[in-house]
Amino acid sequence: QPQQVASSSAVSPTIVSKTTVLTSGRAVMSSEMSEICAHCGKGEGGGSEGGTIKLKNCKACYLVKYCSVDCQKADRSAHKRACKRRAAELRDERLFSSGHEFYLGDCPICAIPLPLSANGRSFTSCCVKTICLGCEVAADTGICPFCRSDQELIVDGSGMRVAMVRSRMEKGDPAAYEKLGYFYHHGLDGLQKDSRKAVELWTKGAQLGSVNCHARLGDVYSPNDVCASSYGVEKDKKLSIKHYEEAAMGGHNVARNNLGVEEFYSFRYSRAMKHYKIGAKMGCEQSFGNIREMYTRGLVPEEDYKEALAGYQEAVKERSSPERARAMDYLRARDGSK
């Protein structure tokens with residue numbers, strides 16, 4: 001709940017709770033408060049000189065409204081604590097209520113949810129579409145099912161994949177920024193390794209709404225040893241968490257799990273469990289493994305563990321198909337024969 005804060009003027013309101021405000025020495029409900037400026041007390045409608053007063057919400061907390069930027073600035077010191085607390089509550093509500101479905105959705109061919117593991121997926125360089133490995137192996141034509149280009153004509157290291165991905169970037173495809181950044185970071189398809197360039201591309205992709213770019217940037221800025229690869233940028237834990245949160249709210253299972261790990265090592269077990277449960281019910285093996293570890297330590301009630309187990313098993317089953325099983329058998333046989 002927002003805390004009571006000191007008023008900076010005789011008419012500046014004080015937040016007592018989410019529903020009660022003190023203004024000009026009297027208590028009013030937030031419904032009434034929403035109809036007056038939180039600093040000067042003016043109501044919406046006619047101004048003193050015949051103009052019209054239009055009240056605008058504080059976009060951080062939505063608890064109060066102001067008639068002008070000047071009033072908002074003048075009220076900042078009185079409103080700051082309540083605003084910050086409510087903004088954090090709103091952020092938490094969004095963080096834990098969204099991102100419960102995997103960000104890549106279903107395979108566009110078989111309409112079964114795509115595997116969480118990258119080993120079970122494939123993407124077409126020509127149009128940057130992601131399909132499940134089962135559909136790729138089952139088709140076995142080398143022809144892109146979307147744009148009909150011949151994938152077998154693409155020569156590794158020739159730069160052809162890069163050119164195709166760049167063409168998708170020119171069309172504003174956020175996924176293309178993530179893929180080209182990946183190529184630069186690992187020095188693939190004839191590109192010289194350039195992690196700084198990768199970060200630039202992922203930053204642009206994140207601005208365009210790429211969930212995976214946000215997750216990449218969470219790794220980039222993370223000070224954790226598990227993400228210790230050098231990207232040529234200064235580590236920033238707060239920025240890392242911000243990107244992980246954006247990715248998690250978009251349905252990125254690894255980012256969600258990483259947030260749970262951060263909460264766990266900060267001894268906020270309840271929050272860690274919330275993240276892990278969302279990941280487990282998405283089918284994330286790491287998240288379910290973390291819940292199981294917490295359960296063995298006595299940090300999680302048995303009913304919560306059983307709920308997470310059932311959700312995890314259901315998600316894994318939902319992502320299974322005979323074609324995907326055959327594709328994985330094929331790959332294991334192929335790799336074992338080398």
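Between which two strands does the loop that holds Val-128 lie? In this predicted model, Val-128 belongs to the loop that runs between strand E8 (121-123) and strand E9 (130-132), and the legends below begin with that residue.

**Figure 1. Val-128 in the loop between strands E8 and E9.** The backbone of Val-128 has a positive phi of about 50°, although the residue is not a glycine. Most residues other than glycine have a negative phi. Val-128 has a relative accessibility of 8%, which is under the 20% limit, and therefore counts as buried.

**Figure 2. Asp-189 in the loop between helices H6 and H7.**

**Figure 3. Helix H11 against helix H12.** Helix H11 (residues 269-282) and helix H12 (residues 285-296) have axes that come within 8 Å and cross at roughly 140°. The crossing in which H11 passes H12 is left-handed. On the H11 side the contact is made by Tyr-269, Met-273, Tyr-276, Lys-277, Gly-279 and Ala-280, while H12 contributes Ser-287, Phe-288, Asn-290, Ile-291 and Met-294. Sorted by class, the residues of this contact comprise 7 nonpolar, 3 polar and 1 charged.

**Figure 4. Helix H3 against helix H11.** The axis of helix H3 (residues 76-97) and that of H11 come within 10 Å of each other and cross at roughly 35°. From H3, the residues Asp-92, Leu-95 and Phe-96 meet Arg-271, Lys-274, His-275 and Ile-278 of H11. The contact of H3 with H11 contains 3 nonpolar, 1 polar and 3 charged residues.

**Figure 5. Residues 1-31 and the confidence of the model.** The protein as a whole averages a pLDDT of 85, and 84% of the residues score at least 70. Over residues 1-31, however, the pLDDT is below 50, although this stretch has 79 contacts in the model beyond near neighbours in sequence. Where pLDDT is low, the predicted coordinates should not be read in detail.

Definitions and conventions
Residues numbered from 1 in each chain as written. Predicted model: local features only at pLDDT ≥ 70, side-chain atom pairs only at ≥ 80, totals over all residues. Heavy atoms only, no water. pLDDT = per-residue confidence, 0-100. Contact = heavy atoms within 4.5 Å. Axes fitted to C-alpha atoms, helices over the stretch in contact; angles between N-to-C directions. Helix = DSSP H or I, 4+ residues; strand = E, 2+ residues; numbered from the N terminus. Left-handed = near helix turned anticlockwise from the far one by under 90°. Nonpolar A, V, L, I, M, F, W, Y, C, P; charged D, E, K, R; others polar. Buried < 20%, exposed > 50% of the residue type's maximum accessible area, 1.4 Å probe, protein only.
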